[in-house]
Amino acid sequence: LLKMGVDLDEVGQLEKLAEKAHQDARESLELLHHYNADGNFFPHLQECLEHLKQAANIDFHLDIPTAELSMPSLVEIELLHICQEALTNIRKHSGAHNVYVKLSLVNNHLELGIADDGCGFDAVAHYRDGRLANGHGLAVMKERADSIGGRFEVLSLPGQGTEVRVEVPLAPHR
């Protein structure tokens with residue numbers, strides 16, 4: 001293969017990347033298959049966090065409302081996908097030991113924060129002209145938040161962890 005200009009180390013690295021991408025896709029499909037926006041958002045979120053703890057030995061801290069929180073099915077499923085993508089990014093890139101997830105209802109807005117104590121990155125450099133310049137996972141999370149009328153932001157600095165914030169307006173109860 002060397003005569004053909006193929007570097008075996010590169011082939012091995014590509015094979016590992018392909019296997020990892022396949023695993024990530026399977027996890028996403030499994031979530032889609034088993035989750036039908038049935039009003040059990042919190043147990044499903046807990047399951048995602050337990051999976052992260054088992055797969056990457058990252059502890060989690062979950063702060064959720066004690067009162068029952070009802071949200072439209074589309075909001076529920078998009079928020080769960082955003083959580084899953086954020087947790088995947090944490091597992092892959094952060095080197096974090098802890099993840100903090102907080103969900104609260106403030107003035108008919110659902111606020112979701114997912115923070116880690118990992119390596120962080122220069123979030124400002126990822127934004128150009130108000131848009132995400134790179135980072136496919138971040139762009140997908142922003143698109144999901146936009147699709148439900150939400151606002152998405154990433155706060156991060158090198159060496160200081162990362163926080164993903166999503167704010168979604170909810171229709172007031174009548």
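Helices here are DSSP runs of H or I of at least four residues, numbered from the N terminus, and in this predicted model Glu-78 belongs to one of them, helix α3, which covers residues 73–94.

Leaving out residues up to four places away in sequence, Glu-78 touches Arg-144, Ser-147 and Ile-148. Val-140 is placed in helix α5, residues 136–147, and with a relative accessibility of 22% this valine counts as partly exposed. Between Val-140 and Ile-82 there are 58 residues in sequence, yet their C-alpha atoms are 8.1 Å apart in space.

An α-helix has 3.6 residues a turn, so residues three or four places apart point the same way. Just after α2, Asn-57 takes a positive phi of about 55 degrees.

The axes of α2 and α3 lie 11 Å apart and meet at an angle of about 10 degrees, which makes α2 roughly parallel to α3. On the α2 side the contact is made by Phe-41, His-44, Leu-45, Cys-48, Leu-49, Leu-52, Ala-55 and Ala-56, and on the α3 side by Glu-76, Leu-79, Leu-80, Cys-83, Leu-87 and Arg-91. By class, the residues of this contact divide into 11 nonpolar, one polar and two charged.

**Ser-156 in strand β6**

Ser-156 is found in strand β6, which runs over residues 151–156, and because its relative accessibility is 10% it counts as buried. Apart from neighbours within four places in sequence, Ser-156 is in contact with Gly-120, Phe-121, Ala-123, Gly-161 and Thr-162. The side chain of Ser-156 has a polar atom 2.9 Å from the backbone oxygen of Gly-161, and makes a polar contact of 2.8 Å with the side chain of Thr-162.

**Accessibility of the residues discussed**

| Residue | Relative accessibility | Class |
|---|---|---|
| Val-140 | 22% relative accessibility | Val-140: partly exposed |
| Ser-156 | 10% relative accessibility | Ser-156: buried |

How values were computed
Residues are numbered from 1 along each chain as its sequence is written. This is a predicted model: local features need pLDDT of at least 70, side-chain atom pairs count only at pLDDT 80 or more; totals for chains, interfaces and linings use all residues. Side-chain values use heavy atoms; hydrogens and water are left out. Helices (H or I, at least four residues) and strands (E, at least two) are DSSP runs, numbered from the N terminus. Contact means heavy atoms within 4.5 Å. Buried means under 20% relative accessible area, exposed over 50%, partly exposed in between (1.4 Å probe, protein chains only). Axes are lines fitted to C-alpha atoms, for helices over the stretch in contact, and angles run from 0 to 180 degrees between N-to-C directions. Angles under 35 degrees count as roughly parallel, over 145 as roughly antiparallel, 65 to 115 as roughly perpendicular and the rest as oblique. Ala, Val, Leu, Ile, Met, Phe, Trp, Tyr, Cys and Pro count as nonpolar, Asp, Glu, Lys and Arg as charged, and the others, Gly among them, as polar. A polar contact is a pair of N or O atoms within 3.5 Å; within protein, one must be able to donate a hydrogen and the other to accept it, and residues adjacent in sequence count only if both atoms are side-chain atoms.
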